[in-house]
Amino acid sequence: MSSAAATDYGKELRRLQVEVAHLQAWVKKSKARVVIIFEGRDAAGKGGVIKRITERVSPRVFRVAALPAPTDREKTQIYMQRYIPHLPAAGEVVIFDRSWYNRPGVERVMGFCSEEMARRFLELAPRFEAAIVESGIILLKYFLDVSEDEQERRFRLRIGDPLRQWKLSPMDVESYQRWWDYSIAYDDMIRMTDTEYAPWWIVRSDDKKRARINCISHILSVIPYEKVKFDEPELGKRQKRPDDYVESPHVRRYVPNVIN
């Protein structure tokens with residue numbers, strides 16, 4: 001990316017993050033409830049989009065739910081049960097970094113659930129989501145797509161970069177090897193759970209920065225938020241140092257400077 005393009009990206013990202021801050025104020029004031037689901041190919045950039053959405057807002061308003069593998073107890077529950085406690089209360093936005101769509105995706109492809117369980121999920125998920133929307137929650141679903149060549153390039157970058165190696169799991173290697181199994185599963189998932197009240201929005205993400213800008217812009221365009229007037233506080237005067245204040249004689253441990 002050229003320096004000019006990088007500058008344009010930085011300016012547009014900042015503009016959008018300001019709007020996300022306005023969205024946050026509206027969510028708090030209006031007591032809105034929002035769920036944003038991010039699914040997609042491995043290495044498609046889900047984490048990058050989520051980071052840019054949340055890095056300038058409060059984690060008390062924008063919560064990220066990235067659930068680990070289910071426990072033995074959770075495996076005996078109704079499938080959707082472990083996700084329900086993470087749904088938002090008034091004044092919250094919950095971002096699912098992968099979601100209940102693990103079942104028709106990785107669980108189905110890797111054999112962690114039966115084909116019958118996956119098909120049953122695909123039949124029931126639209127009804128579950130209809131109940132969410134009917135309760136007044138704004139529900140958005142995004143699927144980040146990436147080409148075979150670009151996914152391979154990103155995986156190879158992870159292999160050679162200690163700062164990215166943690167991102168490359170055995171499941172990622174499996175997803176690389178089973179590209180077409182995942183393609184079939186995702187096609188089926190989107191076809192059967194794409195509804196008018198909870199549609200899937202596909203994000204082309206071979207260009208990560210463009211994908212971030214496009215996705216955040218779309219989120220802001222479909223949530224009917226309004227700018228909330230900021231009431232500037234009056235700081236007033238700082239209190240004077242008390243005449244009898246004596247600095248503590250306790251020796252304090254300061255973190256040393258490591259750069260000049």
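**Exercise 1. Which residues form one aromatic cluster?**

Solution. The model is a predicted one. In it, one aromatic cluster is formed by Tyr79, Tyr83, Phe96, Trp100, Tyr101, Phe121, Phe128, Phe143, Tyr182, Tyr186 and Trp200. As for aromatic pairs, the structure holds 13.

**Exercise 2. Classify the ring pair of Phe155 and Tyr176 from the distance of the centres and the angle of the planes**.

Solution.
- Step 1. The structure has 13 aromatic pairs, and in the pair of Phe155 and Tyr176 the ring centres lie 6.1 Å apart, with the planes at 70 degrees.
- Step 2. Pairing requires centres within 6.5 Å, and planes over 60 degrees apart count as edge-to-face. The pair of Phe155 and Tyr176 is therefore edge-to-face.
- Step 3. This pair links distant parts of the chain, since Phe155 sits in helix α6 and Tyr176 in helix α7, 21 residues apart.
- Step 4. A residue is buried under 20% relative accessible area and exposed over 50%, with partly exposed in between. Phe155, at 6%, is therefore buried, and Tyr176, at 34%, is partly exposed.

**Exercise 3. How are the axes of α6 and α7 arranged, and which residues meet?**

Solution.
- Step 1. Helix α6 covers residues 148-160 and helix α7 covers residues 170-177; their axes come within 11 Å and cross at roughly 150 degrees.
- Step 2. Angles over 145 degrees count as roughly antiparallel, so α6 and α7 are roughly antiparallel to each other.
- Step 3. Their crossing is left-handed.
- Step 4. From α6, Gln151, Glu152, Phe155, Arg156 and Arg158 meet Asp172, Ser175 and Tyr176 of α7. By class, this contact of α6 with α7 has two nonpolar, two polar and four charged residues.

**Exercise 4. Is Gln151 buried or exposed, and what does Gln151 touch?**

Solution.
- Step 1. Gln151 lies in helix α6. Its relative accessibility is 2%, so Gln151 counts as buried.
- Step 2. Leaving out residues up to four places away in sequence, Gln151 touches Arg41, Asp42, Ala43, Val146, Ser175, Tyr176 and Trp179.
- Step 3. Take Arg41 from that list. Arg41 is found in the loop between β1 (33-40) and α2 (46-54), and with 8% relative accessibility Arg41 counts as buried.
- Step 4. With the same exclusion of sequence neighbours up to four places away, the contacts of Arg41 include Gln151, Trp179, Arg98, Asp145 and Tyr186.

**Exercise 5. Describe how α2 packs against α9**.

Solution.
- Step 1. The axes of α2 and helix α9 (residues 208-222) are 10 Å apart, at an angle of about 55 degrees.
- Step 2. α2 and α9 are therefore oblique to each other, and α2 passes α9 in a right-handed crossing.
- Step 3. On the α2 side the contact is made by Gly48, Val49, Arg52 and Ile53; on the α9 side, by Arg212, Cys215, Ile216 and Ile219. These residues divide into five nonpolar, one polar and two charged.

**Exercise 6. Why is helix α4 largely enclosed by the rest of the structure?**

Solution.
- Step 1. Helix α4 spans residues 103-110, and seven of its eight residues are buried, so α4 is largely enclosed.
- Step 2. The buried residues of α4 are Arg103, Pro104, Gly105, Glu107, Arg108, Val109 and Met110.
- Step 3. Their cover includes α5 (115-134), α7 and α8 (179-193).
- Step 4. Just after α4 comes Gly111, with a positive phi of about 80 degrees.

Conventions
Residues numbered from 1 in each chain as written. Predicted model: local features only at pLDDT ≥ 70, side-chain atom pairs only at ≥ 80, totals over all residues. Heavy atoms only, no water. Axes fitted to C-alpha atoms, helices over the stretch in contact; angles between N-to-C directions. Helix = DSSP H or I, 4+ residues; strand = E, 2+ residues; numbered from the N terminus. Parallel < 35°, antiparallel > 145°, perpendicular 65-115°, else oblique. Left-handed = near helix turned anticlockwise from the far one by under 90°. Contact = heavy atoms within 4.5 Å. Nonpolar A, V, L, I, M, F, W, Y, C, P; charged D, E, K, R; others polar. Buried < 20%, exposed > 50% of the residue type's maximum accessible area, 1.4 Å probe, protein only. Phe/Tyr/Trp six-rings, centres within 6.5 Å; stacked < 30°, edge-to-face > 60°.
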